[in-house]
Amino acid sequence: MKTTDVRVLRAITAMATGQPVVVNDDSGGDGYLVFAADAATPALLAFMIRHTSGYVRVALPGSECERLNLPPMCHRSTALCVSVDVRGTGTGISASDRARTIAALASAVSEASDFLRPGHVVPLQAGTDGVLVRPRPAEAAVDLASLAGRRRAAALCEIVSRRHPALMASGVELTEFAVEHGLPIVSIGELVAYRRRTEPQVIRLTQTVLPTWAGESRVIGFRDAHDSGEHLAMIIGSAGPGVPVPLHVHVECLTGDVFGSKVCGCGRELNGALARMSAQGSGVVVYLRPSGRPRACGLFARNDAAHGDPMPETVAWILRDLGLYALKLSDDMPGFGLVMFGAIREDGIGTHTLAAAG
């Protein structure tokens, strides 16, 4: 098992048992103390307040913010909602009071009328698809709670630096904090990678037989599970489990694929792969069409970096759906190389390199 997966699983286990977790924000560098909101206790809140800025938020799905009538705090930030206290508490600021409010925000039976506004706990709206769409602390906190089998709600707050108390902790200091208190530590990037590997990233939409210049082919359409990207798998001839099948992965290029532009080699590479597979009598072309602006070499600036990270996992999930676990990778696949090779191998798909025809 990958070391990164072990860290994610330790964090999930801690959340499941009501323990706090250190979450490292890869982009911002800050570290957050996080725990499942339905596990809130005065002791957990006292620990959080002692070691963090004290500005405690509770990340909630948008549907729960709407159900509990938690509107945005201001127009500049739609994620931060109006602060609340649950009715029946004291001043609302103590660890005991805030624990009750946090647990109430996580409760399925709570109603909007159960809360006073403003209060001392700040709800924070998290995106629907979690870190796979928005790799941020709120989404990471809710994802961990959900993966742990708890309600989709989690308390979080930035950890304060011991060395520089006026600043937030980051880097090695977060690791030291986690080790000192016996807490698991996980980064948002590790959680993103774990979810991409363990949750289906594509949905099969349609299937047909398509006659083409390269022969009659079975074509299967897929859509990304978390955005509007659409992809095709074209199966030429026989392709089944156990026998290595030639594979070509192609990212859509409007100008090269459709109009035969000579600015790039995209159309030539695709047509060459189809010709080889037709001559050999078998092969699979995975044609990727990421969401957003279409790729069109010579017309728009190339933006491979924006789509590159999720693409290997997308291909691996398409191959899983097709039941293909033995492949010959062509070395002329644009923009992937060893990254694609490694990602497919991680998903248990046997591969070896097939030299491109000259």
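Q: How many disulfides does a search of the whole structure find?
A: The model is a predicted one. A disulfide is a covalent bond between the sulfur atoms of two cysteines. The cut-off for such a pair is 2.5 Å. A search of the whole structure gives a count of zero.

Q: Which cysteine has the sulfur nearest to that of C266?
A: C266 is in no disulfide. C266 is also buried, with 3% relative accessibility. The nearest cysteine sulfur is 3.6 Å away, and it belongs to C264.

Q: Which two residues form an aromatic pair?
A: The count comes to one aromatic pair. The pair is tilted, with 35° between the planes. Centre to centre, the distance is 6.3 Å, and the two residues are F47 and F177.

Q: How many residues apart in sequence are the parts that the pair of F47 and F177 ties together?
A: F47 lies in helix α2, residues 42-51. F177 lies in helix α6, residues 172-181. The pair therefore ties together parts that are apart in sequence by 130 residues.

Q: What is the volume of the second largest pocket?
A: Rolling a probe the size of a water molecule over the atoms shows where empty space is left. Residues that line the second largest pocket include L210, W213, M234 and Y287. The volume of this pocket is about 230 Å³.

Q: Which element gives the most to the lining of the second largest pocket?
A: β10 (202-212), β12 (230-237), α9 (266-280) and β14 (282-289) each supply at least two residues of the lining. With three residues, the element that gives the most is β12.

Q: How many charged residues are in the lining of the second largest pocket?
A: Sort the lining by class. Eleven residues are nonpolar, and one is polar. Among the nonpolar ones are Val, Leu and Met, and V219, L232 and M234 are in the lining.

Q: Which residue lies over the face of W317?
A: Look at the ring of W317. A residue lies over its face, at 4.0 Å from the ring centre. That residue is R320.

Definitions and conventions
Residues are numbered from 1 along each chain as its sequence is written. This is a predicted model: local features need pLDDT of at least 70, side-chain atom pairs count only at pLDDT 80 or more; totals for chains, interfaces and linings use all residues. Side-chain values use heavy atoms; hydrogens and water are left out. On a 1 Å grid over the protein atoms alone, a cavity is a set of points where a 1.4 Å probe fits but cannot get out, and a pocket is an open set with protein on both sides within 12 Å along at least five of seven lines; lining residues have an atom within 4 Å of a point. Grid points are joined across faces, edges and corners, and a volume is the space filled by probe spheres set on the points. Helices (H or I, at least four residues) and strands (E, at least two) are DSSP runs, numbered from the N terminus. Buried means under 20% relative accessible area, exposed over 50%, partly exposed in between (1.4 Å probe, protein chains only). Rings of Phe, Tyr and Trp (its six-membered ring) pair if their centres lie within 6.5 Å; planes under 30 degrees apart count as stacked, over 60 as edge-to-face and the rest as tilted. A charge sits over a ring if NZ of Lys or CZ of Arg is within 6 Å of the ring centre and within 35 degrees of the ring normal.
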